[in-house]
Number of protein chains: 2
Amino acid sequence: MAPDTEIPTRSIEVCFTPKLINLFDYKDSIVVVIDVLRATSTICTALAYDAESITPVASIDDCLAYRNQGYLIAGERNGEMVDGFDMGNSPFQYINDKVIGRKIALTTTNGTQAIKAVEDAAMVVIGAFVNIDTLCRWLKNQDRNILCLCAGWKNKFNMEDSMLAGAIVHKLKNHFKIDCDSAITSEMLYMKGRHDLFAFLENSSHRRRLKRLHIESDIKYCLTPNQCNVIPIYQNGVITKLINTHI
Amino acid sequence: MAPDTEIPTRSIEVCFTPKLINLFDYKDSIVVVIDVLRATSTICTALAYDAESITPVASIDDCLAYRNQGYLIAGERNGEMVDGFDMGNSPFQYINDKVIGRKIALTTTNGTQAIKAVEDAAMVVIGAFVNIDTLCRWLKNQDRNILCLCAGWKNKFNMEDSMLAGAIVHKLKNHFKIDCDSAITSEMLYMKGRHDLFAFLENSSHRRRLKRLHIESDIKYCLTPNQCNVIPIYQNGVITKLINTHI
């Protein structure tokens with residue numbers, strides 16, 4: 001590991017929503033896709049509990065087509081589980097023996113679309129509070145620039161995704177150049193709220209939206225760091241666990 | 001003026017860059033266009049020093065075409081004055097008798113483009129730190145929702161514009177609903193930096209960009225509140241001083 005006094009050559013940037021992704025030059029970068037409530041937290045959980053893979057798909061119909069190929073099908077629209085699906089977007093539904101060794105097709109309002117928006121990046125990995133330290137240890141040892149892509153809410157900025165981006169910036173900033181106002185602002189937001197993310201996000205628009213769905217326990221889980229020792233990586237349309245002895 | 005205990009019916013939102021404007025329903029709203037460094041600060045200054053009007057135009061060629069009609073022509077690209085123009089984008093160039101009673105055609109990298117992006121709004125006004133209290137007193141007494149549109153830097157988020165949006169949110173929040181994570185985040189950013197905006201923005205990307213141009217005095221001016229007792233309003237392609245006895 002490089003010492004804290006190194007002069008950084010790699011950069012870390014933050015893109016607040018997929019709608020802005022074309023403003024960034026990410027083709028040679030590692031993109032960390034972030035949808036804290038709840039897609040990327042759920043993906044980390046499913047892989048930590050030994051699902052074989054997650055295939056992010058854009059539409060409900062695409063998802064249904066995977067059922068005939070033996071996949072579990074999963075997803076939500078506007079926060080609610082899709083009728084007839086095996087699972088919704090609650091991470092607790094994946095802490096279950098039924099996912100072990102299974103392939104899962106997943107569609108969500110924001111997260112799966114964000115992953116597809118950057119499939120031409122050098123590498124795409126999945127970030128959440130639940131896997132943050134494992135992810136950051138690995139990112140620190142790669143040779144590429146990093147772009148954190150927040151899924152947001154229907155292409156709008158949201159606080160929880162940018163706070164996770166800010167947490168990543170904070171943990172990596174001694175090793176990376178930061179020349180991006182979104183990264184600086186994200187880190188400030190994280191530093192202000194980090195001691196009680198749940199209380200801090202109490203008034204965020206997404207928290208209020210999800211409150212109507214009575215999923216407070218999901219939210220507490222998604223905001224609790226380091227419950228999943230995995231790095232999900234998206235390659236050729238499929239998310240699997242990165243096997244890397246240097247983690 | 002309504003008391004602080006009113007239940008707000010009007011909303012205030014913040015759009016971080018013109019690239020996201022289509023996500024907002026602003027057609028019946030007042031849009032406050034913000035480009036602190038330096039277009040909207042300069043527009044306020046020109047009108048405060050009795051320029052007759054500012055016509056924002058998209059291109060340098062469009063600007064040149066106005067010269068034959070007797071306009072002063074003004075503008076910058078990437079922070080630098082355009083060759084052969086009467087003025088650049090420095091507010092100090094407008095604190096000058098030569099602007100009195102004159103029509104000015106202005107093109108800038110970000111600000112003038114942002115104004116044109118919302119010309120279908122119910123009202124478009126120009127915001128800057130230099131006119132913030134005059135503007136907020138007027139906004140408080142209107143019946144419409146408000147959208148603060150940050151010009152950003154080439155469609156990316158920037159800190160100084162969102163901080164001004166946050167200052168407006170802070171000054172109006174007792175009278176407006178806030179259900180927008182961008183507005184909440186902007187206000188936090190402002191509250192963190194408000195006691196010394198100049199120092200706070202020291203490391204922002206735009207500050208560093210402008211430092212290369214040696215315009216520190218411009219920046220200090222643009223970050224100093226309440227130097228211009230004007231509300232510039234954009235109507236039919238032209239910005240003039242709003243004459244309103246209720247200001």
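How many helices and strands are there in chain A? Colour chain A by secondary structure and you will find nine helices and ten strands, both being DSSP runs numbered from the N terminus, with helices (H or I) of at least four residues and strands (E) of at least two. The radius of gyration of chain A, taken over C-alpha atoms, is 17 Å, close to the 18 Å of the globule rule for 247 residues, so chain A is as compact as a globular protein of that length; the rule is 2.2 Å times the number of residues to the power 0.38.

This is a predicted model, in which local features need pLDDT of at least 70 and side-chain atom pairs count only at pLDDT 80 or more, while totals for chains, interfaces and linings use all residues. Residues are numbered from 1 along each chain as its sequence is written, and chains are lettered from A and ligands numbered from 1 in the order in which they are written.

Next, select the contact, to which chain A gives 21 residues and chain B gives 22 residues, two residues being in contact if their C-beta atoms, placed from the backbone, lie within 7 Å. On the side of chain A that touches chain B, helix α6 (residues 181-193) contributes the most, with seven residues.

Finally, select B:V33, which touches B:T40, B:A114, B:I115, B:V118, B:V124, B:I126, B:G127, B:L149 and B:A151, leaving aside residues up to four places away in sequence.
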